[in-house]
Structures are given as C-alpha cells and as structure tokens.
There are 2 protein chains.
Amino acid sequence: MKNFYCEYSKFHVAIDCIIFGFTGGKLSLLVQKRSFEPAKGQWSLMGGFVRKDESIDEAAHRILFELTGLADLYMEQVGTFGEIGRDPGERVISVAYYALIAPEKYDTGNIRNHNACWMDMDNVPKLIFDHDDMVAAAKRRMREKASVSPIGFNLLPEKFTLSQLQSLYEAISGSAMDKRNFRKKVASMKFIGTTGEKDKTGSRKGAVLYRFIKEEYDKEPEFKIL
Amino acid sequence: MKNFYCEYSKFHVAIDCIIFGFTGGKLSLLVQKRSFEPAKGQWSLMGGFVRKDESIDEAAHRILFELTGLADLYMEQVGTFGEIGRDPGERVISVAYYALIAPEKYDTGNIRNHNACWMDMDNVPKLIFDHDDMVAAAKRRMREKASVSPIGFNLLPEKFTLSQLQSLYEAISGSAMDKRNFRKKVASMKFIGTTGEKDKTGSRKGAVLYRFIKEEYDKEPEFKIL
DNA sequence: TCAAAAGTGTTAAGTTTACACCCATGA
DNA sequence: TCATGGGTGTAAACTTAACACTTTTGA
C-alpha cells in the first residue's frame, strides 16, 4: 500500500468570514454581492477557498486581507459547516470565522472594490446558502467570548469614551445597562485607563477618552462584563 | 466556464472524536492504538475520513457508532484543525467533535476490537499529531457547555446519587464543591428529581437515586452549576 | 460498635440591582 | 439660558461561601 489515504474522498474547503463592525452605537456586518455563480448577485459573506500551501487560519487571514487590506484583525474560528447540499454548486465544506474591525480602520475604497458594504446588524438581508446560520453562530460565540474576554476593544477606536464603551456592550448583549453601575465596573478594571484627553465631538461638555492598556490586562487577565 | 470551483484544491477531511466517560469519580478518555501508517502503534483519538455521501455531523456519528455501537450519543463540534503539516502522511483537515458516553453504555467488546481503551483523564498518554490540542480544546468547550447546560447527565447512568452528581461536576470543573451548597442548588432544580429508589452499593446507609427529568427541564430550560 | 458515606441550616460576605440629580459647555 | 450628554453614591435585594454534626447500616 503506497498511501492509505488515497482511497478517500477529497473536498473543496472554503472559509467564510463574519465581519463585525461597530459605528453609531450599532453593530454591523460586512456583506458582499456575490460576483459568480451559483447565486451570483445575491448577498453573501466574504469567503474563498483554502489553498494547498496555507493553513485554514492563514486562509482566513488572507481572505480578510484581500477584502479589507488589514492584516492584524482579531479573528476566531466559529465552526465548520458541512451539510451535503449547503452549496448547490458543488460539495463544499466551509469553515466560518468571525473578525472584529475598528471603525478607524475601515478602508471604504477597498471594500467597495469587492462589492461589499456594511449592513446594520439587525437589518441584514437574507444571505445565500447557510450563511444566516453562520452569522447566528458567530453572534452567539462573539457575545460569549466578549462577555468574558476583552475582545470588544477591537471594535472601538484606540481612544473611546465610556458612553461608547457602554453602548458597545449594550449592542453586544442586546440589553440596556445602568450607567452608574457600568462605570463602577469599568473603574474597577485597572486595564481601562484615561488618556487625559477629551472628546468634544459627542457632547458640549466633552467626555474623557479612555484606552485599553494591554500590559495591565496581561498582568492580571480577568474580565467579566455583562 | 463550466464550473468555477474546479480550479481550487481539494482536501481530505477527517473527523476526530474526543470521547469522554466518567467512572469511579474520574473523567476518562477513549483512545485508540493506531493500526495504520503513519504513526502506526501510537495512541490517537478515534477518527476517520468524511465520505462524499454524508455531512460532517453524519460522519462523526458514523465513526462513533463504528467504535461504540451507540447511535444516540451526545456530540458537539469543537473546531477544525487545518495546519499544513499536522498529519505527516498527507494534508488532512480535521474536524474535532467531543462525545459524552454513560458508563452503563460501555460496550467493552466492541471497544476492544478497535484497539481502544479508556484512559484516566489526567493520565492520558501523548497522542499523535495535534490530538493533544484537540483534547485540550474539547475539555475547555465541554466544561463551558456543561456549566450552563445539562449535558453532564449524558455521563451518568439513568439513575444516580447526589454524591455521584457532585463528583462529576467536581471532575468537570476541577475543583471541590461544598456538599451542602451543592445539594441546595440541586434541590432548587425541578428537573432533577428522586426516583424513590436507593442505591445500596456505595454506602451502608444507601443513597437516594435521582434522575434528570427532561420534560421538566424543557418547560424552563435554565441551568447554572459551577 | 464502629467505619463510611448520607444527609441536613444558618450566618456572614460579597455581588448585583435600582435609583436621581448636578455639571460643563456651545449654540 | 437652555438643551445635551457627562459624570457621580448609597441602600436594599439577592447570591454565594463558609462551616459541623447526626443518621443509617453492614461488617
């Protein structure tokens, strides 16, 4: 026997990316008008096929880079979707990843080139195949992770106000929070510190700008919000 | 263009199963001596390749059935492992699933036929390839899920004592619990009810046997232990 | 009769929730 | 001067954690 494996079937393996953004107090999703058959012209997640010379994580980063021009996005695998008929074109097994992208990093030009656009999270059109399931799974996973790990900062600009931070977590959890209780909790987190600067764009009074201090978090990596 | 997909690479896709058991107050793992190259004779997870005519979930159930003879095990996908050199034989992308198996269901004969055996959880030998990573990920996922959903009962016999239940959750969480606090919590869960029977094997006095009442749980599906 | 596991309540500490007003500023 | 978002503390409700002795019974 030269190679035990060769008698088994091989499959196309794809990556699909659920790309979350946050602007104007709302979560949004980056979706794409599909430019090839099957389902050409319909809305879908950004995706692509895994190549021989890359791991699946590398493939996910490459695909995301092609669309956004950004190489260092926070990404996490959600799960793999392998129903037989999920892609009517041909059997494809697809690994879903979610990514978090900060508004300051949006490269509108690059995104437009790919027929992609941001859609308000609770107003996403019907997507092709099982992409709606992928989005649902990604939301669930992202929410769980965000409640227990400081990944949310990847959705905010480097410097942010406490009101922004609160509205982010309200959007993630889908429920309103008490301002004073929220600020009390933030005050107890040494890894969220003031920059000394003020943001005057959001109010007449101006709000203090805070930042996430990774070095502090790494000293004592505990996080619990929501 | 006849088929847009055909220019892309195809991959072997495998399933690897992390099979958890619980006996004698300890979690255990079902591992297998590999009967083919590469890495023949070394310890590995139970696995197999996905076939053309089945979804990946179906493949996972099939593989588990071949080993255990059981069709209705609790299973959940952990994640997909796709590093290029993870299998030195050939490029294989592998989807890991964990399964929970109750001691009363152990079919020792069938398991032996597959060169498989139960290993005490914190005494598992070094496994091939990235199987140790898979086990670590599965443990993490199983613990998280078990703390918030009543999947643990899949590791117990139909009828169990409160001491058994407590030692299960101690094993899952890796930390001791207070007996009175634990029983208080259990008492507040309407979906854990007494059977009226007693188990005399574990002590002279005998302990009341309880059971998980799915119908009750479904009425008000909330669970929080640990 | 005694060893071994089963069973049983109370209190203190900590956490979470609810709640309302003053401040600073630019228009 | 006033409309707008920014900022601040306290008390009650609830949850969690700590803790030790009595019961039953087979060997």
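Is Lys126(B) buried or exposed? Lys126(B) is exposed, at a relative accessible area of 60%. Here buried means under 20% relative accessible area, exposed over 50%, and partly exposed in between (1.4 Å probe, protein chains only).

1. Basis. This is a predicted model, in which local features need pLDDT of at least 70 and side-chain atom pairs count only at pLDDT 80 or more, while totals for chains, interfaces and linings use all residues. Residues are numbered from 1 along each chain as its sequence is written, chains are lettered from A and ligands numbered from 1 in the order in which they are written, and side-chain values use heavy atoms, with hydrogens and water left out.

2. Surroundings of DNA strand D. A residue is near the strand if one of its heavy atoms lies within 4 Å of it. DNA strand D is surrounded by 20 residues. The closest are Ser163(A), Lys179(A), Lys184(A), Lys205(A) and Asn181(B). On the DNA side, 34% of the atoms within 4 Å of the protein belong to sugar or phosphate; the rest belong to bases.

3. Make-up of that surface. The surface near DNA strand D has 12 charged, 6 polar and 2 nonpolar residues. Classes are as follows: Asp, Glu, Lys and Arg are charged; Ala, Val, Leu, Ile, Met, Phe, Trp, Tyr, Cys and Pro are nonpolar; the others, Gly among them, are polar. H5(A) gives the largest share, 5 residues. Helix H5 (179-187) and strand E10 (207-212) of chain A, and helix H5 (179-187) of chain B, each supply at least two residues. Helices (H or I, at least four residues) and strands (E, at least two) are DSSP runs, numbered from the N terminus.

4. Atom pairs at the DNA. A polar side-chain atom of Lys184(A) sits 2.9 Å from a base oxygen of DNA strand D. From chain B, a side-chain N or O atom of Asp178(B) is 3.1 Å from a base nitrogen.

5. Salt bridges. The criterion is a side-chain nitrogen of Lys or Arg within 4 Å of a carboxyl oxygen of Asp or Glu. Asp16(A), Arg86(A) and Asp130(A) form a linked network.

6. Three pairs in chain B. Glu54(B) and Arg62(B) have their closest N and O atoms 2.6 Å apart, and both residues are buried. Asp132(B) bridges to Lys126(B) at 3.3 Å; Asp132(B) is partly exposed at 30%. Glu216(B) bridges to Lys219(B) at 2.9 Å. These two are about one helical turn apart, because they lie 3 residues apart in helix H6 (residues 214-219) of chain B.

Definitions and conventions
Polar contact = N/O pair within 3.5 Å; in protein donor to acceptor, adjacent residues only side chain to side chain.
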